[in-house]
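Subject: Structure handover

Hello,

Here is the structure for you to look at. Please open it and keep it beside this email as you read.

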Amino acid sequence: MMRRLAALTAAAALVAGAPLPANATTDNHHPKCPNGYVGLTYDDGPTPETTAALLQALRAAHARATFFDIGNNALAHPELVRAQQRAGMWIGNHTMSHPNLPELGEPAAFQEIADTQKVLHKITGERPRLFREPFGAVSDQVRADVARLHLLEVLWTVDSRDWAGATTDEIVAAAATLQPGGIILMHDWAQASVDAVPRIVSDLRARGLCPGKIAFTPKDVPYGDTVFHAVAVAP
Ligand SMILES: [Zn+2]
């Protein structure tokens, strides 16, 4: 899928595949995470069939992840959003009804994002800080909406392809390509991704990496030919 990423103005100065800036994700590590952090992300929840099992798997692995919830799913199952929160997960905004925002146009696109902020705030008592656009479909107007709502746009550096029917083995293999600060796209509803949790986390730990929190980095972090501001930087 073609995606235009933030901070492209900085791309010209960066060499494709360049290594991480020395301090981008390597400061202040926990001793068990000498090589830093990666972001595990699960989109489209909450899901009655799978969210509880996913939370159980993450907790058993002592891992925290970011859930990009759909507002309508949250309204239908607020108890599962609260379960995500209780399990120590970070909760982000993934719109009310999962439209293609650039095609939807304004003011509906802004309303999709703003309404989801209200829904998730009401359920959790906290305003989400992170946003992921459905299908990774973005435009300058959508980026302006995201900024107006004080949200950080979070794309991904690795696509598990669980949405396309990837097997657990394939998802584990995709996660094995995560670099420090990287973010993997998975889905709350994908049983294969639930089953992959223990192996993903143990493989990461064997590489000195820990699942971490996604935050803004003022440094441009290159991955291949793209540049990210949102990377996993902290426990
Ligand atoms: Zn989605």
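Two notes come before that. This is a predicted model, where local features need pLDDT of at least 70, side-chain atom pairs count only at pLDDT 80 or more, and totals for chains, interfaces and linings use all residues. Residues are numbered from 1 along each chain as its sequence is written.

**The chain**

The chain has eight helices and 10 strands. Both are DSSP runs, numbered from the N terminus: helices are H or I with at least four residues, strands are E with at least two. Of the 235 residues, 45% are buried. Buried means that 20 or more other C-beta atoms lie within 10 Å of the residue's own; exposed means 12 or fewer, partly exposed is in between, and C-beta atoms are placed from the backbone. Now take the contacts with a separation of 6 or more: 74% of them join residues 24 or more positions apart. A contact needs two C-beta atoms, placed from the backbone, within 7 Å.

**Helix α1**

This helix covers residues 51–60, and its buried residues are Thr51, Leu54, Leu55, Ala57 and Leu58. They sit on the same side of α1, because they cover an arc of only 160° around the axis. The arc is that of the directions from the helix axis to the C-beta atoms. What do they pack against? The buried residues of α1 pack against β1 (37–43), α3 (78–86) and α8 (191–206). Just after α1, His62 has a positive phi of about 55°.

**Helix α6**

Here Val142, Asp145 and Val146 are buried. They fall within an arc of 100° seen down the axis of α6, so they line one face of the helix. The face turned away from that buried side carries exposed Asp140, Ala144, Ala147 and Arg148. The buried residues of α6 pack against α4 (101–104), α5, β4 (130–131) and β5 (152–153).

**Where α5 meets α6**

Helix α5 (residues 108–124) packs on α6 (residues 140–148) at about 35°, with axes 10 Å apart. Axes are lines fitted to C-alpha atoms, for helices over the stretch in contact, and angles run from 0 to 180 degrees between N-to-C directions. Which residues meet? Ala109, Phe110 and Ile113 in α5 meet Val142, Asp145 and Val146 in α6.

Best wishes
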